[in-house]
Amino acid sequence: KDPFAVFSTPWFAERLNCRIVITVRHPAAFASSLKRLHWTFDFQNLLDQPLLMRAHLEADRAQMGSVQPDDVIGQAALLWKLIYRSVHATREANPDFIVIRHEDLSRDPVPGYRDLYKSLNLEFTPRVKKIILNASSSGNPAEASRKQVHSVKLDSRANIGGWKKRMTAEEINRIRKMTEEISPLYYSDAEW
């Protein structure tokens, strides 16, 4: 029995009386953030879960076992692929789940959140608009300080392409190659 099946079924959302919203971030932007913070991921955490491996990740076992502990780029690209392949499959099985790209919300936050609120039957109040503008204003830093990595106040538009300055062409090509079976579901060639 798949212990994660409950989360990927309409039953889960219906019982909680909620809608599910999943945000996708560009694979190179995701990898760039992990690189900047030097955050690594130990795939042994996934490999040690036999039900998860059997149900969802068995085809990736060799790649998960071979990624090096200090290879932040390889880890990030593989993790992104695993996560968003699962997101895509879950969305296919549950069309009422909302999948929205981080970059779309960042590019035009107020209309993006207004549409999201509408689809969730939530009231988009002046207070909500003010909070969004405050959190995404061009007066905010383009990236979070390493001391405040979870800051929610960023210049959202400037943050969209920050990865292009932090990543080498080789790193971007590697990420693209490692995620190429999934990334076109969310991002066009022009967005690389």
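Modeller: Read from the N terminus, the order is α-β-α-α-α-α-α-β-α-α-α-α-α-α. A word on the source: this is a predicted model, so local features need pLDDT of at least 70 and side-chain atom pairs count only at pLDDT 80 or more, while totals for chains, interfaces and linings use all residues. Residues are numbered from 1 along each chain as its sequence is written, and side-chain values use heavy atoms, leaving out hydrogens and water.

Of the 192 residues in the chain, 40% are buried, meaning under 20% relative accessible area with a 1.4 Å probe and protein chains only; exposed is over 50%, and partly exposed is in between. Take contacts (heavy atoms within 4.5 Å) between residues at least 6 apart in sequence: 65% of them join residues at least 24 apart.

Now for your core. A nonpolar core here is a set of buried Ala, Val, Leu, Ile, Met, Phe, Trp, Tyr and Cys residues joined through side-chain atoms within 4.5 Å. The largest one holds 25 residues, and those touching the most other members are Phe-43, Leu-46, Leu-57, Met-64, Leu-82, Met-167 and Ile-175. At least two residues each come from α2 (27-37), α3 (44-47), α4 (50-57), α6 (72-93) and α12 (169-179). Helix α6 gives the largest share, 7 residues. Zoom in on Leu-82: leaving aside residues up to four places away in sequence, Leu-82 touches Phe-43, Leu-46, Leu-57, Asp-60 and Met-64. There's also another core apart from the largest one, with 10 residues, including Ile-20, Phe-97, Tyr-186 and Tyr-187. As a general point, nonpolar side chains tend to be buried together in soluble globular proteins.

Lys-164, in helix α11 (residues 162-166), is partly exposed because its relative accessible area is 48%. Its C-alpha atom is 8.2 Å from that of Ala-28, though Lys-164 and Ala-28 are 136 residues apart along the chain. Ala-135 belongs to helix α9 (residues 126-136) and, with a relative accessible area of 22%, counts as partly exposed too. Between Ala-135 and Ser-156 there are 8.1 Å, C-alpha to C-alpha, and the two are 21 residues apart in sequence.

Conventions
Helix = DSSP H or I, 4+ residues; strand = E, 2+ residues; numbered from the N terminus.
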